[in-house]
Amino acid sequence: MIKEIRQQEFDGMDRTRPMLVEFYSKTCGPCKMLAYVLRDIDAGMPDFPIYQIDFDENVELKERLGVSGFPTMIFFKNGEEAERMEGLKQKPAIVKAIEALLA
Amino acid sequence: MSIDFRKVTHIIDDQHAAEEKMLQECKSEKFSLDSPYIKLNPYLIAPLTALAHFTTPEAVAATVTVEGKEPEGNMRFLFPAATEHYLPIYGLYPDCANTVRIALDNGKSATLTIRTGKAPDTVHLPSGIKTTAEYMGDNVMFVSPTSPGNAAAYDYRGDVRWYVTLNLSFDLKRAANGRLLMGTHRLLMPPYHTTGVFEFGMIGKIYKEYRIPGGSHHDQIEMEDGNLLILTQDPPRGTVEDMCVLVDRKTGDILRTWDYRKNLPQDVGGSGSQDKHDWFHNNSVWYDKRTNSLTFSGRHQDAVINLDYDSGELNWVIGDPEGWPEDFVKKYFFKPVGDLSRFDWQYEQHAALMLPDGDVMCFDNGHWRAKVKEKYVPAKDNFSRGVRYRINTGTMEIEQVWQYGKERGEEFFSTYICNVEYYGEGHYMVHSGGIGTFRGETCNRPPVQFRGDDEQYVRLNSITVEIKDDKVVYEMRIPANYYRAEKLPLYCGEDKLSFGKGQILGSLGVTGEFGTIPDVEVGGDIPDKYKIKLAQEVDRLVMKGTFEKGQLVMLLLEGETTHAYFVPTTRRPFLAMCVGTFLEADDRAVEFPVSFENLSGTYKVSFIIDDRKYDGGVTLTI
C-alpha cells in the first residue's frame, strides 16, 4: 500500500508495525524514478505500508527526523528507525531492507 | 524530430590515418635535405610541432635548431645518425614564419621556413614573467588548464612554444620513456572524471590510452617498473575520489586497488568543502621507494595520508587533528615541534610528495584554514603556500622546515588545485594556479564555480614561482586558472617517434543498468527542446541533452534484451571544481556515456522522459 501523507498523519499514526517512509521532492529526477520502483515493489507486497512525504512541504518533520536530502527512505520497526537509505536505490536493495524488517 | 546521431572516431584512429597518409607522402618521392618533406602538426593535436623527412646517402647525425626570437630562445636537438631521417620539430612560435635549421654532421645544412597558424585565444598569454634564459636553459613551463584553456608550454620570455588542442587535463608528467602522461579528454562523468590517461609524445602522437572503469582524475605516477598508479573511484558505491589503482603498463589491466574507505573514517575531520559524496577528495599520489609507501593527499579531510604499499595499512596522517577520534589521533597523527610560532598545518592541500630524505612537501591551499566553521579564515585574511614538513615516525613529531607563500597573503591565495615541485635542496617550485577575484574581492571558493552572468565579474590568475636558495628565480603570471605546472625540456632523447597505431588499453567497465523500467505512455516526437545528441564512439555511446533539473530521463537500448540506464538530471553541487574545462555554458546540459562492455548486437535507442517513452529513431550495431 502506497500513500502520500503529511506531518500530522505521520505523527498520529501507529508506527509500531514495520513501514517505509520516503521523503521526495517534485523537482527531483531520482525521486520520480524511485516512485516507479516503489510502485513495482507495492505490486508484489501490497500489504506492506509505504508512505511518501513531500520534503519541501513538511519542513518540521524532515528536520526532526534529520532528513537533509531527497530521496531519503527510512525503514521503521517497533516505532524506531531500523535503516535509512539516501539517494535512488534499486528494487532488490529496498526489498531486502523490507524483508529484514519483516523477519 | 529525429535526434542528432553521429559516429565519432577515436583520436588514435584519426592519428593513425594521418600518419599512414604522411608516410605514403614521404615515400612518394625521394626527399633531400635541400628539399625536405615538412608536415606541420602531423598528429593533429599539437599545432606548434612539425615533422621533417629526408634521406641521405650515408648515415649522418642531424641537429635541428628552431630559431628563437633571440638566440637564447633557440630550441636545439641532436638526432642520431640515420639515412632515413624523420625529425620532430618542437618549439615553433604560433602565427609566425619560423626559421628552422637542419645541420648534418657531414657539414651540409639547410634553412627552412615553417609557417604556423594563430593560437586560439584559449592559449592564454602570460601577463608577466620574470626569469632568465640562463636559468631556464632548455626548459619550458607546462601548465594544464582548470578554467577554459589549453595545456601549453611557455619559454623564459613567456612565449608559447607548445600547446595541445584536445581538452587534456590534470597532472602532466614525463614518463621514463620520455613521453607525457596526462588525463584524457573523454568525459566519463561530471564534473571532470575522464576515461583514463593518455601516453603521448611531445609531437602529439598518442601511443596508449589507459582506460580505467571508474574513470581517472587528478594524478598519476609511474612506478620504477613502468606500471602506473592512477587515482580513481567506484561510482556505483556513491562516493568519489577515494581509490587508487595500479595499472599494468603493457596490458592496461588493473593489478591492485587501494580503497581508502578501509583506512579512514568518512564522517570525521571534514574540511570546509567536504560532503558525503566527495568525503576525501584525493588529489595526488606519490610512491616512496625508501619506505615502500604511498602518500595520498585528501583535500576534504585536510589530510595527507601514508599507506604501506604491500599491506595497504595506514602508517600516518599529516593534518590538524581537531575533530578526529582521540584513539585515531594518538595512533596516526603527528605532534608539532620546533619553532611553533612559524608552524601552520596544511588545509585542503594538493600535490603531496615525499622527498629523498623523507620530508613531506605539499601545496597548502589553506582554504578555510580551520576544522570548525566558527574558526574559518576568510580569503582576504588567508594565504596559500608551498610547505615542507620534517616528520619523525618514531616519535610521531612534525616540524615545519620551509615554506613559501604565506608572506604574499591573499594575492597568492588559491582555494583549490596547485602543486609544488622539489628539484634539490633549497630549489623548489610553488604553483598557485587557482587565484581569483569576484567583483574585486578574493574568492572564498573556486572561481570557476561562478557561472552565467557572474562570470563577467571574475578575474582569474595563476602564479608560478621557483625559489632557489631563498631567492625567487622564476615567476610567471597567466590570467587563467591552471591545475598544475611542470617544468620540462621539449626535446628528450627517450621520446623517440615510432610509427604504428596507438593502443586503447584497459576497460571502461560495464555501465550500471537500472532494473525498473517505468510503465509510461508510448509515442510522439521527442521535443526539440531536449536537444538530444548521440555519439557512437569506438567503445561507448555518449548521450547529450538539455533537461530541466529533476526531470526523469532514461536511456533504453532495446535488442534481444533491453538495457535501461537512469540518466541523472539533478546535479549535485560540486564543491571542488578542480577542472572546469568540461563544464557546459548551459547548466541544464547533461552528458551520459554508456560503455559497450558486455553489449553486443543491434539495439534500437529510445528514451523515457518524465511520463512518456520516445523512439530515438536510431539503431546501433555494437
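Let's start in chain B with an open sheet of four strands, in the order E1-E37-E38-E41, where the pairing is mixed. Before you click, keep in mind that this is a predicted model.

**Stop 1: the mixed sheet**

Select residues 4-7 and 589-595 of chain B. These are E1 and E41, the edge strands, and each of them pairs on one side only. Look along the sheet and you'll see that neighbouring strands are turned by 15° against each other on average, ignoring direction.

Strand E37 (residues 533-536) and strand E38 (residues 540-546) of chain B run antiparallel and are joined by four bridges. Which residue stands opposite B:Leu534 in E38(B)? Show side chains there and you'll find B:Met543.

**Stop 2: an antiparallel sheet**

Next, go to another open sheet of chain B. Four strands line up here as E10-E9-E8-E34, with antiparallel pairing. At the edges sit strand E10 (160-163) and strand E34 (482-489) of chain B, each pairing on one side only. From one strand to the next, the twist averages 25°.

Zoom in on residues 152-154 of chain B, which make up strand E9. Three bridges tie E9(B) to E10(B), and the two run antiparallel. To see a pair, select B:Ala153 and its bridge partner in E10(B), B:Trp162.

**Stop 3**

Strand E20 (residues 282-288) of chain B pairs with E21(B) in the antiparallel sense over six bridges. E21(B) also pairs with strand E22 (residues 303-308) of chain B, again antiparallel and over six bridges.

Then check the turns. The hairpin of E20(B) and E21(B) has four residues between the strands, and B:Asn292 takes a positive phi near 45° there. The hairpin of E21(B) and E22(B) has four residues between its strands too, and there B:Asp302 takes a positive phi near 50°.

**Stop 3: a helix with a buried face**

Jump to residues 11-28 of chain B, helix H1. At 1.5 Å a residue, its 18 residues should span 26 Å, and the end C-alpha atoms are 25 Å apart, which agrees.

Colour B:Ile11, B:Ile12, B:Gln15 and B:Glu19, the residues of H1(B) that are buried. Now turn the view so you look down the axis of H1(B): the buried residues fall within an arc of 90°, so they line one face of the helix. An α-helix has 3.6 residues a turn, so residues three or four places apart point the same way.

What covers the buried residues of H1(B)? The cover includes strand E15 (206-216) and strand E35 (503-506) of chain B.

**Last stop: where the chains meet**

Finally, show both chains. How many residues of chain B are in contact with chain A? There are 14, and they touch 13 residues of chain A. Colour chain B's side by residue type and you'll get six nonpolar, seven polar and one charged.

Conventions. Residues are numbered from 1 along each chain as its sequence is written. Chains are lettered from A and ligands numbered from 1 in the order in which they are written. This is a predicted model: local features need pLDDT of at least 70, side-chain atom pairs count only at pLDDT 80 or more; totals for chains, interfaces and linings use all residues. Two strands pair if DSSP finds at least two bridges between them. The expected span of a helix is 1.5 Å times one less than its number of residues. A residue is buried if 20 or more other C-beta atoms lie within 10 Å of its own, exposed if 12 or fewer, and partly exposed in between; C-beta atoms are placed from the backbone. The arc is that of the directions from the helix axis to the C-beta atoms. Two residues are in contact if their C-beta atoms, placed from the backbone, lie within 7 Å. Ala, Val, Leu, Ile, Met, Phe, Trp, Tyr, Cys and Pro count as nonpolar, Asp, Glu, Lys and Arg as charged, and the others, Gly among them, as polar. Axes are lines fitted to C-alpha atoms, for helices over the stretch in contact, and angles run from 0 to 180 degrees between N-to-C directions.
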